[in-house]
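Welcome! Have a look at the model below, and then we will walk through it together.

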Amino acid sequence: MRQVVLEGRGDFAEWRDAARALLADRVAPRDVMWQSGETGGDLFSAIGEVSRETVDAAAFSVPKVFLSAAEAVVCHSDPERFELLYRLLWRLAEERRLLEVTSDPDVAQLRSMIKNIRRDSHKMKAFVRFREVPGVQVERRRFVAWFEPDHFIVGRTAGFFQRRFTDMDWLIATPKGAAAWDGETLQISNAPAERPDAEDETDVLWQTYFTHIFNPARLKIRAMQSEMPKKYWKNMPEAALIPDLIAGAERRVAEMAARAASQPPAFHERLQEAWRTREDEAAEAAGTLSALAVVRREAAGCTRCALHCHATQTVFGEGPEQADLMFVGEQPGDMEDLAGRPFVGPAGRIFDEAVMAAGIDRGQVYVTNAVKHFKHERRGKRRLHMRPEAGEVAHCRWWLAKELEVVKPKIVVALGATAYLALTGEAKPIAEVRGMPIPMQDGVILMVTTHPAAILRIPDEALKAKSLAVFRADLADVFRLRISLED
Ligand code: URA
């Protein structure tokens with residue numbers, strides 16, 4: 001019996017060298033005992049250990065596909081993996097097409113192990129959660145993460161994180177090895193790492209993100225648990241919300257249906273048109289049509305993009321023509337589309353309350369949207385909000401630019417990412433630009449905050465209250481800035 005003792009958990013090069021030497025000596029698989037550090041192999045007790053000198057003696061060729069399969073399977077935590085690989089290698093000398101025989105038990109086991117490795121690696125990419133290391137004064141930000149893979153996949157998967165998070169220093173620690181990146185070198189260790197002790201506000205961000213993307217109407221618990229198995233939950237901040245979200249899903253679906261958007265009455269469009277024409281005609285006759293009213297009238301007939309085909313009407317901005325403060329939302333919702341006024345629906349209520357709490361009089365500010373037509377999809381009689389695409393936002397910037405040109409506000413507040421995109425041409429996560437004055441053209445100051453509808457969509461009451469408080473604090477900052485500019 002030949003005993004092969006691999007160091008640590010045994011890596012591919014080590015196994016390959018040992019297997020080559022065994023093949024060169026014509027040692028049959030049943031005569032080999034494979035041991036690795038993780039199965040308790042003791043390097044000093046190896047009897048009849050394979051001699052490294054014999055390694056180069058083995059001249060043989062194996063299919064490439066076997067080598068890449070072996071590279072993956074060596075990372076499996078099954079202690080039998082080395083034996084299986086050597087058995088397959090041995091058999092391949094006689095059975096060149098062995099790997100195509102999917103009914104063969106060795107091949108089936110190989111395939112299943114490769115699948116396990118791929119799945120584990122996929123889970124690591126999806127479920128690693130970085131936390132910032134506090135108080136370290138370095139140029140690059142430093143993050144740590146703890147993950148518990150089933151297999152030794154850290155080395156195989158680390159390249160993904162290196163490409164993705166290249167501009168920060170990070171360490172991913174796991175009981176099956178660790179990977180660290182410092183901007184220049186990716187270091188991999190196979191030794192079990194210790195769990196780092198770190199917690200930061202990104203936990204709340206993950207939770208907020210998760211509650212936003214959680215759609216109770218699409219909930220399929222089995223599929224969800226198969227995609228995000230429970231064993232990963234303990235290292236994922238957002239997982240703490242899952243039980244409550246599942247428990248409340250049915251109620252939320254019922255609430256959504258109750259709040260369902262309605263179909264505009266067939267006569268609505270004609271009513272709006274008649275109203276608009278009479279008002280404008282009267283002003284025109286009196287010679288009092290303001291610059292803003294002229295733009296509004298042009299916008300009423302806008303066909304710059306396809307959104308006008310399905311909306312009831314253009315919802316133009318409203319407020320004093322010389323307002324020093326302008327708020328820009330995303331697009332009109334169902335109620336705004338029917339009423340022809342911005343922010344009069346549920347998001348408008350959140351907006352109004354927050355504006356009032358900040359000491360701002362809505363009647364004294366200009367309120368508009370990045371996109372002036374309601375984009376939606378029909379579900380039966382309901383019209384469900386759809387986010388405008390970048391092209392639609394770009395078309396509508398024409399009107400926003402005219403509003404800015406006429407109103408000339410000193411401060412513009414972008415409510416959410418679509419407004420930010422419309423105002424700057426840049427797509428950015430709100431968290432990156434929120435809460436700081438951003439200078440724009442002509443001395444205008446841009447402030448960025450969340451969209452009130454995003455607050456409405458948060459199902460968890462505590463998180464919703466927190467998000468609302470931050471929104472109100474942002475508007476209080478706007479108020480202070482406004483006062484300071486008055487001086
Ligand atoms: N959401 C917006 O962005 N604007 C509105 O007018 C209403 C809801």
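## Two helices side by side

Helix α4 (residues 105–127) packs against helix α5 (residues 154–164) at an angle of about 40°, and their axes are 10 Å apart. Axes are lines fitted to C-alpha atoms over the stretch in contact, with angles from 0 to 180 degrees between N-to-C directions. Helices are DSSP runs (H or I, at least four residues) numbered from the N terminus. α4 and α5 are therefore oblique to each other; angles under 35 degrees count as roughly parallel, over 145 as roughly antiparallel, 65 to 115 as roughly perpendicular and the rest as oblique.

## Where the model comes from

This is a predicted model: local features need pLDDT of at least 70, side-chain atom pairs count only at pLDDT 80 or more, and totals for chains, interfaces and linings use all residues. Residues are numbered from 1 along each chain as its sequence is written, and side-chain values use heavy atoms, leaving out hydrogens and water.

Helix α13 (residues 390–407) and helix α14 (residues 417–424) have axes that come within 8 Å and cross at roughly 65°. That makes α13 roughly perpendicular to α14.

## Around the ligand

Which residues surround the ligand? Among them are Gly-329, Pro-332, Phe-343 and Asn-369, where near means a heavy atom within 4 Å.

Now for the polar contacts (pairs of N or O atoms within 3.5 Å). A polar side-chain atom of His-451 is 2.6 Å from an oxygen atom of the ligand, and a polar backbone atom of Glu-330 is 2.7 Å from a ligand oxygen atom.

Conventions. Polar contact = N/O pair within 3.5 Å; in protein donor to acceptor, adjacent residues only side chain to side chain.
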